[in-house]
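Dear colleague,

Please find below the structure I am handing over to you. My notes on its aromatic rings follow.

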Amino acid sequence: MRAAVLHEIGQDKLEVLDDVEAVGFGPGRVRIRVRATGLCHSDLSAMSGVLPQPGPFVPGHEGAGEIVEVGEGVSHLKAGDRVVVCWLPACGACPACKRGQTQLCLAGFMNAGTPNFRRPSGDVFGFAGTGTFTEEVVVDAGCAVPIPDDVPFDIAALIGCGVTTGLGAALNTADVEAGSSVAVIGCGGVGISAIQGARLKGAAEIVAVDPVASRREAALNFGATKAVSPDELPSVKQEVTGGEGFDYVFEVVGRSVTARTAYENTRRGGTLVVVGAGAMDDYLQLSMFELFFDEKRILPSMYGGGDVLRSYERTIALWRAGRIDLAGLITHRVPLADVNEALDQMRTGTSLRTCIEI
């Protein structure tokens, strides 16, 4: 079967090969025919080595498709079921799950060290224990979440990561207060979803911050009240908040420099939400005095900061009701053979989300 493979960490191009086999099928596992997958910035970060990932590997973790076959012991799924791939399934038994913090369950990460694919030359891993830039993938049954028939595969794929992450940051982690002021730094698919979440919660002012003009323009269509380049942030902070700072600032880039900017633009007593996935050796520096004196809350948001399955259901309900725009997030579409075109679109900022159709 066909799959897009990164041979070595640090390479910037994928090779689409037809000699890849999905492996690991057995009890408790399912085989999925992938129909659509989104390109998330985390895929690029894994390719570059910013996020830890063994190689060679098949990128992709934001996917949807159909069940081809189910292994022994899988009773809640059957061949033909339409599913979204959940790259961070909850085990239900660990301390985090028992506390209700299922997004912090580490069981899914254990899959990342087991190869999901094989070529004649050897084993191939799947990103985050999945790997959706492929025609078929074998995953734990908990990674396959059924979706209703009226949800298209491309929409479902977005719900699998970017939309859940961004919406949840505003709805779950920050729990944005109606009438508040919000700034979102980084307006790709996740940042735009955070903007939509802030709008749903009734924020009075939502400022989108991004260096790419097309993304700033798009942010206005999704609910931002203002959209500025990073250089314009000080002036809009003065205009909107009188210089005090925003009630909520979302960092959706994953770099210490933008996290520091986000902190400085959060008002005293306000909330900084860290959404971007960054490198393990990129450190955010804060003085002990400012931590104490400014009393700003720093809230990391992992995969939307809430129960993933409930978040999926809520997102589908909001989409059906027309309260959020998911189709508009897909600005480009490419076949698997042109996956490197999707990478270029993400790197240059010309896309919000590229759907790779398989």
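In these notes, buried stands for a relative accessible area under 20%, exposed for one over 50%, and partly exposed for values in between (1.4 Å probe, protein chains only). The model is predicted, so local features need pLDDT of at least 70 and side-chain atom pairs count only at pLDDT 80 or more, while totals for chains, interfaces and linings use all residues. Residues are numbered from 1 along each chain as its sequence is written, and side-chain values use heavy atoms, without hydrogens and water.

Rings of Phe, Tyr and Trp (its six-membered ring) pair if their centres lie within 6.5 Å; planes under 30 degrees apart count as stacked, over 60 as edge-to-face and the rest as tilted. This rule gives three aromatic pairs. One of them is W87 with Y303, which is stacked because the centres are 4.6 Å apart and the planes stand at 25°. W87 lies in the loop between β7 (82–85) and α2 (95–98), and Y303, 216 residues away, in the loop between β17 (297–300) and α11 (308–320). Helices (H or I, at least four residues) and strands (E, at least two) are DSSP runs numbered from the N terminus. W87 and Y303 are both buried.

F289 and F293 also form a stacked pair, with centres 5.0 Å apart and planes at 15°. They are four residues apart in helix α10 (residues 288–294), and therefore separated by about one helical turn. F289 is exposed, at 54% relative accessible area, and F293 is partly exposed, at 41%.

Yours sincerely
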